[in-house]
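Take a moment with this protein before reading on. The report below walks through its confidence scores, strands, helices and ligand shell.

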Amino acid sequence: MLELRDVQVVFDGFRALDGVDLTVPEGELRFLIGPNGAGKTTLIDVITGLTRPAAGSVRFGGHDLVGRKEHQIVRLGVGRTFQTSVVFEELTVVENLDLAASFRKPLWSLARRRRGVTEAVEEALARTGLEELAERSAGVLSHGQRQWLEIGMLLAQRPRLLLLDEPVAGMSREERERTGELLTQIAADHTVIVVEHDMEFLRRHASKVTVLHEGKVLVEGSVDQVSGDPRVQEVYLGRRPSDAVSERP
Ligand SMILES: Nc1ncnc2c1ncn2[C@@H]1O[C@H](COP(=O)(O)OP(=O)(O)OP(=O)(O)O)[C@@H](O)[C@H]1O
């Protein structure tokens with residue numbers, strides 16, 4: 001379980017997070033939305049140790065995360081994707097997965113490792129449906145396949161909590177659908193937090209949504225509750241039209 005209490009992040013006097021409380025039980029697929037600058041990425045940065053909060057607590061699986069280094073938080077089972085790609089284009093799909101899997105391991109185990117594909121890599125390939133492309137260079141993947149590879153790289157690190165930043169951005173309709181199914185499958189045995197703007201995607205795949213606004217949790221609930229809430233409609237007015245949550249299909 002992930003639990004944030006009264007988390008504050010201040011950049012040069014500006015409150016990027018202003019008292020965030022958030023509880024995500026184990027095995028939940030939680031979506032995080034909010035207008036530009038609401039604090040979504042900052043929230044992920046705080047959980048993963050990239051940004052240290054000025055106040056508040058972040059607990060995960062019985063551990064206090066505040067003050068820990070990023071790699072220590074990875075070892076506790078927290079993994080994230082970034083908006084920018086971390087895939088090595090000149091390596092194959094399986095080599096990228098293998099490299100990602102080795103990040104969490106101590107050096108001695110790498111030195112002793114047998115040749116061949118580890119169980120974690122095998123599993124990541126199967127889950128993301130990339131088996132057929134395992135030996136292809138990552139540089140030739142389509143945009144969607146590359147995003148799945150990044151999710152696979154995260155899975156290969158065997159995290160318990162996955163934080164995904166806009167995983168369906170730029171994907172085709174069909175790729176978005178597959179990604180939605182993939183996230184639902186992953187959430188069967190992981191806790192997953194997804195930052196996503198695409199309301200149509202949320203309607204199809206989200207059960208619980210947290211809306212951030214000006215560094216605070218504005219509303220939390222089902223997609224229907226959230227999109228029907230006048231406060232949510234108000235904060236999205238005049239912003240990116242694609243974010244207009246009042247639109248109905
Ligand atoms: N390192 C930083 N230094 C100063 N200000 C920052 C820093 N990081 C973020 N901010 C500011 O904090 C606020 C929240 O930013 P954040 O990136 O968390 O928002 P977001 O909800 O992820 O937005 P977006 O949808 O645009 O990605 C913004 O006003 C941003 O300009």
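## Terms and confidence

Two strands pair if DSSP finds at least two bridges between them. Helices (H or I, at least four residues) and strands (E, at least two) are DSSP runs, numbered from the N terminus.

This is a predicted model: local features need pLDDT of at least 70, side-chain atom pairs count only at pLDDT 80 or more, and totals for chains, interfaces and linings use all residues. Residues are numbered from 1 along each chain as its sequence is written. The protein averages a pLDDT (the predictor's confidence in each residue, from 0 to 100) of 88. At least 70 is reached by 89% of the residues. The model has an ipTM of 0.95 and a pTM of 0.88.

Start with strand β3, residues 29–33. A residue is buried if 20 or more other C-beta atoms lie within 10 Å of its own, exposed if 12 or fewer, and partly exposed in between; C-beta atoms are placed from the backbone. Five of the five residues of β3 are buried, so the strand is largely enclosed by the rest of the structure. L29, F31 and I33 point one way, while R30 and L32 point the other way.

Which strands pair with β3? One is β8 (residues 191–195), which runs parallel to β3 and is joined by four bridges. There, L32 stands opposite V195. Another is β9 (residues 208–213), also parallel, again over four bridges. In that pairing, R30 has K208 as its bridge partner.

## An open sheet

Another sheet is open and has four strands, in the order β2-β1-β4-β5, with antiparallel pairing. Its edge strands are β2 (14–24) and β5 (63–64), and each pairs on one side only. Inside the sheet, five bridges join β1 (residues 2–11) to β4 (residues 55–60). Q8 stands opposite A55 in β4.

Which residues are around the ligand? They are F11, A16, G34, N36, G37, A38, G39, K40, T41 and T42 (each has its C-beta atom, placed from the backbone, within 6 Å of the ligand). By class, three are nonpolar, six polar and one charged. Here Ala, Val, Leu, Ile, Met, Phe, Trp, Tyr, Cys and Pro count as nonpolar, Asp, Glu, Lys and Arg as charged, and the others, Gly among them, as polar.

Helix α1 (residues 40–47) gives the most to this shell, with three residues. The helix is mostly covered: seven of its eight residues are buried. K40, T42 and D45 are among them. Just after α1, G49 takes a positive phi of about 85 degrees.

In α5 (residues 119–128), V121, A124, L125 and T128 are buried. Seen down the helix axis, these buried residues fall within an arc of 100 degrees, so they line one face of α5. The arc is that of the directions from the helix axis to the C-beta atoms. An α-helix has 3.6 residues a turn, so residues three or four places apart point the same way.

The buried residues of α5 pack against α3 (93–102), α6 (143–156) and α7 (173–187) (contact: C-beta atoms, placed from the backbone, within 7 Å). On the other side, E119 and A126 are exposed.

E166 has a positive phi, near 45 degrees, and is not a glycine. Its place is the loop between β7 (161–165) and α7. With 18 C-beta neighbours inside 10 Å, E166 counts as partly exposed.

E214 also has a positive phi, about 45 degrees, without being a glycine. E214 lies between β9 and β10 (216–221), in a loop. E214 is partly exposed, with 15 other C-beta atoms within 10 Å.

Methods: Two residues are in contact if their C-beta atoms, placed from the backbone, lie within 7 Å.
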